[in-house]
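Here is a short tour to read alongside the coordinates. Keep the viewer open, and follow each section in turn.

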Amino acid sequence: MTIPTAHLDQEIARRRTFAIISHPDAGKTTITEKLLLYGGAIQEAGSVTAKEGRSHTKSDWMSIEQQRGISISSSALTFEYAGRHVNLLDTPGHQDFSEDTYRTLTAADSALMVLDAARGVQTQTEKLFAVCRNRGIPILTFVNKMDRPAQDPFDLLSQVENTLKITAVPLTWPIGDGPDFKGVYDLQTGQVLAFERTSGGKHRAPMQTAGLDDPRLVDLVGSDLAAKLREDVELIQGAMPEFDPAAFLAGELTPVFFGSAMNNFGVEHFLANFVDLAPPPGPVETNLGERDPDAPFAGFVFKLQANMSKQHRDRTAFMRVMSGHFERGMDVTHTRTGRKLRLSQAHTLFAQDREKVEEAYPGDIVGLVNPGVFQIGDVVSVDPKVTLPSFPRFTPETFATLALKDVGKRKAFMKGLTQLAEEGVVQVFYPTDGARDPYLGAVGPLQFEVFQARLAEEYGVDVELHVTSYQLVRWLAGDAGSVARFARHVEDDQGRPVMLFRSKYDLDYTAEQHPEIEFLPLPRDL
Ligand code: G4P
């Protein structure tokens, strides 16, 4: 069935697909929950706490899904707000920074960077920010935990500008912090949103508004903070650049909001601004040039996951619709292989509960059952020739050797290794002589633990892991004979020769000694 263009355009225009980037503990889980609350998906956010409550949160959401009929898959949370259809991509395992997170960001049209008001920009914020920056997607900032003692907001903005090299323009301004936190001032509308602590932070935060010159301001926040606010606002208006939507959309400027997610404060205000500011899905760069979202149907796979639940031990490919109208049961081409697929029974679409997705529009995420057909970056489309030019990989910084404890389990081991590597849990480098077990590469050592645990639980295979002193990897090029003679017996999962190094010095020295070998620049991060 073809749908009218006007309808398609309308659906595209109201889509907002984004991801949250933050350092662990900054408040991503809490904000996600509050966004769902304000998105009307849930009426009352349970006081879900991050650590021991994490699985709790998930099961809460699953039952919420059943009650309210909202669509929650393990890869995107979907809700409606102010006539917009919002897809919040789940970037799981953020405690464990991995390739999965990078890949998920390729499916986002914008990102929300959450900062802890006391800690400012932290290491993982920087890494994830760089990924978004390279993709040129717009980034909004929410400074969280204002109810706790915070850094001076001017200092926080300079830190964002200096560390991340992006212009930071506040759209709201905090009034006090910690026990004295009284609310925020909306620099665009001139309203004061007063903060009131609610019991357990469970309900929608009440809001009262008054202008900066409203005599009630002093009543609301006290004379000292009122005077400080007037001073701050004067400074902002005199010395800071104005919010420039074009610079924001180009990824050069980030609008900054302040609040306290745990106390439901500032999140709805952010959301209301977000749906207006953030862009709808745009064109995607393909082998055939830019593909507009209103072109005929095409989608790309950005994430694979094996063994999503104990009941369903199969693999799921998560696809983002990049153009056109998706309907369940439609006939498409898997463009890498030219294979025809019908996206229906054999490739049932499902959310967490295998609920069938009947239709989807650009920006939406659908899960396809993956009987080993899909790889990351694959395209399915009604146009048989569309592919993505290249799908980025991140560069591992730590490497481990692994040894199988029970050699009788070799087959299950190889299956687990392949599937988990396919998902991006780790990258695998194989010794070419086949005599030794592979090396694993990761961004952080925690990924190795996840790999080890999943291999044991999902494939019944125990391995020993030893982190090596290797720190760098380079792909090799040059005359095939020279490379073959030189390469120290390691290749990646596509059979390309690589070499591992213990230090930058080691790499430079080797490169100097072997001018016949080209040490390729690192694969472009997203
Ligand atoms: P994450 O997903 O980014 O890792 O962060 P998460 O939301 O799990 O929040 C990390 C901790 O910060 C949690 O505390 C959470 O309650 C707390 N938090 C989130 N937003 C705010 C806020 O606005 N103000 C304050 N004061 N705290 C906030 P926890 O100690 O891990 O659990 P809990 O026992 O405090 O709930």
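## How strands are paired

Two strands count as a pair when DSSP finds at least two bridges between them. In this predicted model, strand 22 (residues 427-431) and strand 26 (residues 490-491) are joined by 2 bridges and run antiparallel. Within that pair, Y430 has E491 of strand 26 as its bridge partner.

Helix 14 (residues 504-513) packs on the sheet, where it touches strand 25 (472-477), strand 27 (497-501) and strand 28. The direction of helix 14 makes about 20 degrees with that of strand 25.

## The wider sheet

Zooming out, you will find an open sheet of 8 strands in the order 24-21-23-22-26-27-25-28, with antiparallel pairing. Strand 24 (463-467) and strand 28 (518-519) are its edges, each pairing on one side only.

Helix 12 (residues 446-459) lies across strand 21 (398-404), strand 23 (439-442) and strand 24. Relative to strand 24, helix 12 runs at about 175 degrees.

## The chain as a whole

The chain has 526 residues, of which 45% are buried, and its secondary structure comes to 14 helices and 28 strands. Of the contacts with a separation of 6 or more, 71% are between residues 24 or more positions apart.

In soluble globular proteins, nonpolar side chains tend to be buried together. Here the largest nonpolar core has 131 residues, and A111, C132, V301, M319 and L440 have the most contacts inside it. Take M319 as an example: beyond its neighbours within four places in sequence, M319 is in contact with G299, F300, V301, V366, L368 and V380.

## Helix 10 and its surroundings

In helix 10 (residues 267-277), the buried residues are V267, E268, H269, F270, L271 and F274. They pack against helix 2 (28-38) and several strands, among them strand 2 (76-81), strand 5 (139-144) and strand 10 (253-258).

How do helix 2 and helix 10 pack, and at what angle? Their axes are 9 Å apart and the angle is about 70 degrees, so the two helices are roughly perpendicular to each other. I31, K34, L35 and Y38 of helix 2 meet V267, E268 and L271 of helix 10. By type, the residues of this contact divide into 5 nonpolar, no polar and 2 charged.

## A stop at Q159

Leaving aside neighbours within four places in sequence, Q159 is in contact with G120 and V121.

How values were computed
Residues are numbered from 1 along each chain as its sequence is written. This is a predicted model: local features need pLDDT of at least 70, side-chain atom pairs count only at pLDDT 80 or more; totals for chains, interfaces and linings use all residues. A residue is buried if 20 or more other C-beta atoms lie within 10 Å of its own, exposed if 12 or fewer, and partly exposed in between; C-beta atoms are placed from the backbone. Helices (H or I, at least four residues) and strands (E, at least two) are DSSP runs, numbered from the N terminus. Two residues are in contact if their C-beta atoms, placed from the backbone, lie within 7 Å. Axes are lines fitted to C-alpha atoms, for helices over the stretch in contact, and angles run from 0 to 180 degrees between N-to-C directions. Angles under 35 degrees count as roughly parallel, over 145 as roughly antiparallel, 65 to 115 as roughly perpendicular and the rest as oblique. Ala, Val, Leu, Ile, Met, Phe, Trp, Tyr, Cys and Pro count as nonpolar, Asp, Glu, Lys and Arg as charged, and the others, Gly among them, as polar. A nonpolar core is a set of buried Ala, Val, Leu, Ile, Met, Phe, Trp, Tyr and Cys residues joined through C-beta atoms within 7 Å.
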